[in-house]
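Here's a quick walk through one protein chain, from the overall make-up down to a few single residues. Have the structure open while you read.

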Amino acid sequence: MVGDARTEAAFSSSDTEAVKCTPQEDGGQGVREEDVEKGWSVALMFLTVGAVLNSDVWASWLKDANKGEYNIYVHSKRPEETTFPLFKDALIEPVKTKWGTISLVDAHVTLLRAACKNPRNRWFLLLSDSCLPVRSFRHVREVLSEHKTSIFDMASKQVHNDQRENIKKFTEDIVNGPNLTETEKLIKKLVVDDPCGIQVHSQWCCLVRADAETLSNADDLAVWYDAYKTMLPLDLVKRSFLLAPDELFIHTYLRQHVGKQYRANARMTTFAHCCLEVDSCQCSLQRASHPLTLGSMHPVVVFQSLKRQSLFARKFAAGQTPEHWEAVWRSENEPANMFAAAQMSLQLASPDRLTDRQKLAIAYKL
């Protein structure tokens, strides 16, 4: 039986208290202490279809940053749509992309290659056009400084097992054939020889420089790309039998090249969900594979982001109001005020339902 392709929540429904970000145990390669002391930058890498949505919200968020603390890189399928100066000046030469294929991994690696050219970049964050930060820039930087290894939103053990079993079934004839090609040998290594060869995680991850350089300097990606094209046919991805390559590649590649001693932090840095009933979701596989698009900040998003210690969230439609988000960031040390700011944003998304007195009260608080 084909398993559920959804990544399950990392927290139980009984975990209802908002939590503050705390340092986690790290090990292995990553950010060097001398780099932190000298000053370092965060590479904000946007993988988009067209323009980065809500560019003015991002501009407001970056007002909290000092010069040299961040660099922006934008890989856009339709770069001509990017007109906001902050992002237009950050466009890189794109590769051709298609949803559900290995081409999105190639675009990620292309962003890493561009960002690795700047030696100040020590963290490499992949973001989408519909992402927005739910925590302040200072908070995000502080969290990153507390970690020494890359951060992935890892799937549950059940999802890992289901994906490995499904891939194994679909590639059984390939790996058992005679005279295997280099691509087929790699598939056999990942699917048969190493029971934990395939790692499942969200596409949206945060990489330390050592891992970013491993990927950007790789000379065997062509074989890996061919292997993933063979293992993960697009029709099976569309039918939710298999996850897309971008949810199975980065951690898998790093683990194979660094070795089984490879270590990374598990954390949902970018929150997204198919519905607002996060802890009791009954969505179908097809629906669950597509995050809900929100017209405004929402208290549920704030709550779930705090619960999972997320730094960003998606998907947000264009037209967000920067002042509403600024109110959320200003209140990040007081969860109750964050919820209140999000509630106001939600109410103002439908202003025709508010009385004049309610509008005045909300305007005063903002």
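## The big picture

First off, this is a predicted model. The chain holds 17 helices and nine strands, and of its 366 residues, 52% are buried. If you take contacts between residues at least 6 apart in sequence, 80% of them join residues at least 24 apart.

## Helix 5 and what covers it

Helix 5 runs over residues 137-145, and its buried residues are Phe-137, His-139, Val-140, Arg-141, Val-143 and Leu-144. What sits over them? The cover includes strand 1 (41-48), strand 2 (70-76), strand 3 (121-128), strand 5 (151-152) and strand 9 (312-313), along with helix 2 (55-61).

## Two helix pairs

Start with helix 4 (residues 103-116) and helix 9 (residues 209-216). Their axes are 9 Å apart and the two pack at an angle of about 115°, in a left-handed crossing. From helix 4, Val-109, Leu-112, Arg-113, Ala-115 and Cys-116 take part, and they meet Arg-209, Ala-212, Glu-213, Leu-215 and Ser-216 of helix 9. Sorted by type, the residues of this contact between helix 4 and helix 9 come out as six nonpolar, one polar and three charged.

Now look at helix 10 (residues 221-231) and helix 12 (residues 250-258): their axes come within 12 Å and cross at roughly 130°. That makes helix 10 and helix 12 oblique to each other, and the crossing is right-handed. Helix 10 brings Leu-221, Trp-224 and Tyr-228 to the contact, while helix 12 brings Thr-252, Tyr-253, Gln-256 and His-257. Between helix 10 and helix 12, the contact residues split into four nonpolar and three polar, with no charged ones.

## Gln-304, a buried polar side chain

Gln-304 is part of helix 14 (residues 299-307). Is Gln-304 buried or exposed? With a relative accessibility of 3%, Gln-304 counts as buried. Leaving out residues up to four places away in sequence, Gln-304 touches Phe-271, Val-278 and Asp-279. Leu-276 is 28 residues from Gln-304 in sequence, with 9.5 Å between their C-alpha atoms. The side chain of Gln-304 also makes a polar contact of 2.2 Å with the side chain of Arg-308.

## Loops worth a look

Ser-202 sits in the loop between helix 8 (182-193) and strand 6 (206-208). Ser-202 is buried, at 14% relative accessible area. A polar atom of the Ser-202 side chain is 3.1 Å from the backbone nitrogen of Trp-204.

Asn-179 is in the loop between helix 7 (172-175) and helix 8, and Gln-309 is in the loop between helix 14 and strand 9. Which of these is buried and which is exposed? Asn-179 counts as exposed because its relative accessibility is 75%, whereas Gln-309, at 11%, counts as buried.

Finally, check the peptide bond between Arg-314 and Lys-315: it is cis, with omega about 5°. Lys-315 lies in the loop between strand 9 and helix 15 (322-330).

How values were computed:
Residues are numbered from 1 along each chain as its sequence is written. This is a predicted model: local features need pLDDT of at least 70, side-chain atom pairs count only at pLDDT 80 or more; totals for chains, interfaces and linings use all residues. Side-chain values use heavy atoms; hydrogens and water are left out. Axes are lines fitted to C-alpha atoms, for helices over the stretch in contact, and angles run from 0 to 180 degrees between N-to-C directions. Helices (H or I, at least four residues) and strands (E, at least two) are DSSP runs, numbered from the N terminus. Angles under 35 degrees count as roughly parallel, over 145 as roughly antiparallel, 65 to 115 as roughly perpendicular and the rest as oblique. A crossing is left-handed if the near helix is turned anticlockwise from the far one by less than a right angle, and right-handed if clockwise. Contact means heavy atoms within 4.5 Å. Ala, Val, Leu, Ile, Met, Phe, Trp, Tyr, Cys and Pro count as nonpolar, Asp, Glu, Lys and Arg as charged, and the others, Gly among them, as polar. Buried means under 20% relative accessible area, exposed over 50%, partly exposed in between (1.4 Å probe, protein chains only). A polar contact is a pair of N or O atoms within 3.5 Å; within protein, one must be able to donate a hydrogen and the other to accept it, and residues adjacent in sequence count only if both atoms are side-chain atoms.
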